Amino acid sequence: MENQRLAEIFNKIADALEFKGENKFKIIAYRKAAQVLSNLTSDIYDYYKENKLEDIPGIGEGIAKKIKEYFEKGKVSKLEEVTKDIPDGILDLLNIPSLGPKTLYLAYKELGVKNLEDLERVINDGSLAKLPQMGEKKVENIKNGIEIFKKAQERMPLGKAYLIVNEIINELKDMKEVKLIEPAGSFRRMKETVGDIDILVMSEEPEKVMERFVNLKIVERVLAKGDTKSSIITNQKIQVDLRVIKKESWGAALQYFTGSKAHNIKLRGIAKNLGYKINEYGIFKDDKYICGSDEKEVYEKLGLQYIPPELREDLGEIELALKNNLPEIVDYANFPGDLHIHSNYSDGSNSIEEIVKEAIKYNYKFVAIADHSRSAKYAGGLSIDELIKRNKEIDEIQKKYPNIKILKAMEVDILGDGSLDYPDEILKQLDIVIAAIHTGLKKEPEKRILKAMENPYVKIIAHPTGRLISSRESYSIDLEKIFKKAAERNIALEINSYYDRLDLNDYNCRKAREYNVKMAIGTDSHNVESMWQIKLGIGVTRRAWLSKKDIYNFQIL
DNA sequence: GCCGTTTTCGGCCCGACTGTTTTCAGTCG
C-alpha cells in the first residue's frame, strides 16, 4: 500500500514550499492531503484504479494528477522540481524549535547554511545574529532548539507522558487559585505518542499559577512565561505548555487546545457558515460572546453532537456528528476486565491473589492470568506440571473471591513451525489461549500466525505486529490476511495496552473493524502497578471508533 | 492547491509570546 509513501512525498513538497516562502494556503493544502492519505484505511491505489481520487476530501485536481503520475511513472515530478535547488537534508532543520522557514531560508541564502554543522558554525561565529530581524536572544533560542532537536528526535510514548501529566496536575491542583485543571492536546486525544504536553488551568489569578508552574521540580528550562501561557522543558526533555483560562472561556479553550488542528479548522468553517466566529475564548457573533464556558455547549451551538476527544482527527467524525450519528464508543469507567496479566508463576512480580485484589479495585468482572508457556525459558515459562499447579491455585483463590471471575489463560508461544507450545489436551483445560510470537521475529511470522490460528483452542493473538513504539518496527506481515482469518475463525486480536506496544494500534484496529474482527484488551502487566495502562488500550479502541460489539472483553461473561 | 445553498474566483483560523523593533516579523500551536 502506497498511502504512507505518498503522504511523505506531499509533506516533503510542503516543507520545500514553506522553505521557499510559497503561498501558505498551498502549503496547507499539501499537508492536508498528506494527513488524509496517512489516515486512509483503504488503499489509495483502488481510488486511482477507479478514477475516484477526487472523491477524497482534501484531494483535488492538482494532487490527484500527482498521484496518477506516481502510479504511472513511479515519481512525482513536482517533488523533484521544488527540491532540485535545495540542498539535501536542509528541510530536516525545520524541525528545530525556534527556527522557522524564514530564518532558515535567510541563513541559507545569505550565509550558505546547508546542514546542521553549517548552522552551528554561523551561530558560533556570530554571523547569524547579524542578519535582519535577528539578535543575540533569537540565536540563543535557536541554539537551545538544536539541543532539543538532537535529544528529542522522537515523540514521547503516551504512557510516559501520563506520569509527567499526573505529577504536574498533582502539584498544581491543590492551589487555591486553581479552580480546574485538565490536560489537552494530543495527550487528551490519546494519541500513542505526544510531541509536547498541554495543560489548561481555570483561574482568575494567572501570575501565582504561572510562578508555581515554572518553578516545579521537573522544570529544566523556562521557554516563555506570560499571563495566559507559559512553556517549560522538563528534565525528561519534553515541552509542557500551561495555559490559564477564565471561566467563561473554559469549554472553548479545552476544545481549541485539544485539537486536532485539522478538526479545529473544519469546525471554524462550520462556525463561519453559521455566522459565528470561534476561537479559544468562545463562540462570538459580531464580536458578541455567545458561549464558551462548557465544551459540550460549544459543539451544540455549532449544530454538532458532542465529539469525544479521541475522535477529533477530522476522519469523518464531524460529518457524523452533524447527523447525530457518532459511533457508540466505550467508556473508561466500568470496563469489564483485563485479558493479559502475568503472575509470579512466570515472570510477573505479583501473586495471583495480589492481582485479583488489585482487579477488584478496578471493579473488574473478570481478570485473566496469562503466564508464559514452557518454551519461554527467559520469562520463566511454565512446564505442564507447573501449569496444572497454577490452575489449581486459581480454583482455590476463586472460591475466596466469588464476585470476580479469574480466567485461566496462558500466553502460549507460537513455535518456529507455527505449532503451539503445549499439546491440545493441555490447551483445552484453559479458559483462554492467547497465542503469540516471541522468538524468531523475522522467521516467517505471518505464516506461523496463520497456522496458529488453525488451532481450535486459540482465542486471541497477542501483540499481532510485534512493534515497539520506541524501538522496533512491526514484523513483516500482511495484516489483511490475519484479519480475514481472524474473522473466519472468530479469533480476537489483541490491543496490547503496555505503553510501548499499543499493538494493534488505532489505525490497524479501524481497519480490523472493517473485517468485523473482535479486539481483546489486555495490559500485559508484569506487576499490579502497571494495570492502569488498560486506559491506554481503551483509548486505542476509542480512537478506532470501536463499540462494545467489537470488543471481546465485553463478550466474555 | 482546495473548495463552493454566498462564490469557478477569492477566500482559506487566529491569537500569544518573543525579540527586534518603534509598529512589526517570526514562530508556535
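In this predicted model, strand β4, which covers residues 196-202, runs alongside strand β7, residues 239-245, and the two pair in the parallel sense over seven bridges. To place this pairing on the structure, one can look for I199, whose bridge partner in β7 is L242. Strands of a sheet pair through backbone hydrogen bonds, and they do so in either a parallel or an antiparallel way. The two strands belong to an open sheet of five, arranged in the order β2-β4-β7-β6-β5, and the pairing within this sheet is mixed. At its edges stand β2 (180-184) and β5 (219-225), each of which pairs on one side only. Neighbouring strands of this sheet are turned against each other by 20 degrees on average, when direction is ignored. Helix α11, made of residues 206-214, lies across β4, β5, β6 (229-234) and β7, and this helix runs at about 165 degrees to β7.

A further set of strands can be followed from β14, residues 432-436, a strand that is mostly covered, since five of its five residues are buried. The cover extends to both faces of β14, with I432, I434 and A436 buried on one side and V433 and A435 buried on the other. Strand β13 (residues 405-413) pairs with β14 in the parallel sense over five bridges, and in this pairing E411 stands opposite I434 of β14. Strand β14 also pairs in the parallel sense with strand β15, residues 458-461, here over three bridges, and A435 has I461 of β15 as its bridge partner. Between β14 and β15 the chain passes through helix α19 (residues 445-452), and the β-α-β crossover made in this way is right-handed.

Beyond β15, in the loop that leads towards α20 (479-489), the reader comes to H463. This residue has a positive phi of about 20 degrees although it is not a glycine, and with a relative accessibility of 1%, below the 20% limit, H463 counts as buried. Another residue that is not a glycine but has a positive phi is N334, where the angle is about 60 degrees. N334 is found in the loop between α15 (317-322) and β11 (337-341), and its relative accessibility of 67% makes it count as exposed. Such backbone details deserve attention because most residues other than glycine have a negative phi, and most peptide bonds are trans.

A cis bond joins G259 and S260, with omega at about -5 degrees, and S260 lies in the loop between α12 (250-258) and α13 (261-273). A cis bond also joins D503 and L504, with omega at about 5 degrees, and L504 lies in the loop that runs between β16 (492-496) and α21 (506-514).

Because Y48 belongs to helix α3 (residues 44-49) and F71 to helix α4 (residues 61-73), the pair ties together parts that are 23 residues apart in sequence. Y48 counts as buried at 17% relative accessibility, and F71 is buried as well, with a relative accessible area of 19%. Y48 and F71 are also linked by ring pairs with Y45 and Y70 into a cluster.

Another tilted pair is formed by Y162 and W532, whose ring centres are 5.1 Å apart and whose planes stand at 45 degrees. Y162 lies in helix α9 (residues 158-172) and W532 in the loop between β17 (519-522) and α22 (534-543), so the pair ties together parts that are 370 residues apart in sequence. Y162 is buried, with a relative accessible area of 11%.

The charged end of K277 sits over the ring of F284, at 5.9 Å from its centre, while K296 lies over the face of Y306, at 4.6 Å from the centre of the ring.

Terms used: Residues numbered from 1 in each chain as written. Chains lettered and ligands numbered in written order. Predicted model: local features only at pLDDT ≥ 70, side-chain atom pairs only at ≥ 80, totals over all residues. Heavy atoms only, no water. Helix = DSSP H or I, 4+ residues; strand = E, 2+ residues; numbered from the N terminus. Buried < 20%, exposed > 50% of the residue type's maximum accessible area, 1.4 Å probe, protein only. Phe/Tyr/Trp six-rings, centres within 6.5 Å; stacked < 30°, edge-to-face > 60°. Lys NZ or Arg CZ within 6 Å of the ring centre and 35° of its normal. Pairing = 2+ DSSP bridges. Axes fitted to C-alpha atoms, helices over the stretch in contact; angles between N-to-C directions. Contact = heavy atoms within 4.5 Å. Right-handed = clockwise from strand over helix to strand, strands pointing away.
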